[in-house]
Amino acid sequence: MDKEKGLWGQINEGIHDACYIWAKEMKATVKDEGVLIFFFLVPIFYPLLYSWAYNNETIHNVPVAVVDMSHSQMSRQFIREYNASPDVKVAYKCNDMSEAKDLVQKQVVDGIVYIPADFATRLNRMEQTAISVYTDMSLMMTYKAIYQSAQAVASDLGAKMNVALSGNTTHREDEITVQPLAYEEVPIFNPSGGYGSFLLPAVLILIIQQTLVLGIGLAAGTARENNRYQDLVPISKHYNGLFRIVFGKSMCYFMVGAVTSAWLTLAIPRLFGFPALFRASDLVAFLFPYILACIFFGMFVSCIVRYRENVILLVVFASLPLLFLSGVSWPQSNIPGYWQGFSWLFPSTFGARGFIRINTMGATLLDVRPEFVCLWIQAIAYFLATCAVYRYQILHTRRHALERLEYMKERAEQAKKKD
């Protein structure tokens, strides 16, 4: 009976200590303006701004300069059909390349289409000819619009010439001449072929990690500056006490992470019409270890970084590399092995890959089992690492407090001797 009372007493004490830490951390979070900004304002407004910027998905009417040295009926037909495409607009017709280059340098146009003088002559001789396309590569979206539009018009003109020279007598024969092998292009998982639907899911997952790490880092920096770790010394008498401290703090951060994750993964895609093919049970089950991994990763990093300002610099600097390492904007198969191994240290790597498959491709939790297991491994590993660094910091704080107490006693004894 005494053992049962002792066990229940330890459970009640553990719950009381964890709730005490949770309440204390929640109060500190509400009072810290910097933490509130990164925990709530940034996750709310930054995805709105980013989604609004890419809500059009594709770009249209990209200004292009045309240099027509042929001045033939064929070149004019090419220019008319090129200008009729929705993605580009023939803004200027230049006399030579130097004039067109000046327009590109002044950023008036984003590309140049050059038609050589022998364009029509070579076509009439049944010879192969070429049209040169020059684009500003600072933005891949404009390059794609200018190049693919020129390629589509050239293919269409080539098909019409084949029909004219084939001597067919029926429309069906013309169709077979143009397209001997019939096919239909159906873009899966991204029907609009848009940039936002392609990149936004990975960015949303990365925002969850970065905001949690930033908020936790700022909170830990403030606690370190105010020496609030002394309040944790009585609870951390044994390893169970350390677990209570970490659990209590993580309860506070998990509440924040759950709210922001719901906003980012449920509301944002629907507000802007991005693909959302997930099942609620699979998404919740997948996000649970991801949020935990981000929380314990943030708590671990916050103990390593000394000043709260350094957390901001570190996280902002790492945002773009982490997006590339996730294998979204750059193929995972083309990432070197040592960089792939480095990316496994961050929850966003597996979180982005799994979330894209669940949200955009309609995968189930079983389909993303490798990413799901890796997130649980990260959550457990960073939890243990956090307990270790917290124990070191609390022991350091206790030692410093004892040294300070001894120093004050010595000063008091010296003052008594003088009196």
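The model is predicted.

**The helix pair.** Begin by selecting helix α3, residues 73-84, together with helix α6, residues 140-166. The axes of these two helices come within 10 Å and cross at roughly 130°. Angles of 65 to 115 degrees count as roughly perpendicular and those over 145 as roughly antiparallel, so α3 is oblique to α6. The crossing of α3 past α6 is right-handed.

Next, display the side chains of the contact. On α3, select Met-74, Gln-77, Phe-78, Glu-81 and Tyr-82. The α6 side includes Ile-146, Ser-149, Ala-150, Val-153 and Leu-157. By class, this contact has nine nonpolar, two polar and three charged residues.

**The largest pocket.** Now turn to the largest pocket, with a volume of about 670 Å³. Select Thr-58, Ile-59, Met-141, Lys-144 and Ala-145, which are the closest to its centre of the 23 lining residues. Helix α6 gives the most to this lining, with eight residues. The lining of the largest pocket has eleven nonpolar, nine polar and three charged residues.

**The second largest pocket.** Move on to the second largest pocket, whose volume is about 570 Å³. Of the 22 residues that line it, those closest to its centre are Tyr-46, Val-203, Leu-206, Leu-320 and Leu-323. Then select α2 (33-53), α8 (195-225) and α11 (308-325), the elements that give two or more residues to this lining. Which element provides the largest share of the lining of the second largest pocket? It is α8, with nine residues. By class, the lining of the second largest pocket divides into 18 nonpolar, four polar and no charged residues.

Notes:
Residues are numbered from 1 along each chain as its sequence is written. This is a predicted model: local features need pLDDT of at least 70, side-chain atom pairs count only at pLDDT 80 or more; totals for chains, interfaces and linings use all residues. Side-chain values use heavy atoms; hydrogens and water are left out. Axes are lines fitted to C-alpha atoms, for helices over the stretch in contact, and angles run from 0 to 180 degrees between N-to-C directions. Helices (H or I, at least four residues) and strands (E, at least two) are DSSP runs, numbered from the N terminus. Angles under 35 degrees count as roughly parallel, over 145 as roughly antiparallel, 65 to 115 as roughly perpendicular and the rest as oblique. A crossing is left-handed if the near helix is turned anticlockwise from the far one by less than a right angle, and right-handed if clockwise. Contact means heavy atoms within 4.5 Å. Ala, Val, Leu, Ile, Met, Phe, Trp, Tyr, Cys and Pro count as nonpolar, Asp, Glu, Lys and Arg as charged, and the others, Gly among them, as polar. On a 1 Å grid over the protein atoms alone, a cavity is a set of points where a 1.4 Å probe fits but cannot get out, and a pocket is an open set with protein on both sides within 12 Å along at least five of seven lines; lining residues have an atom within 4 Å of a point. Grid points are joined across faces, edges and corners, and a volume is the space filled by probe spheres set on the points.
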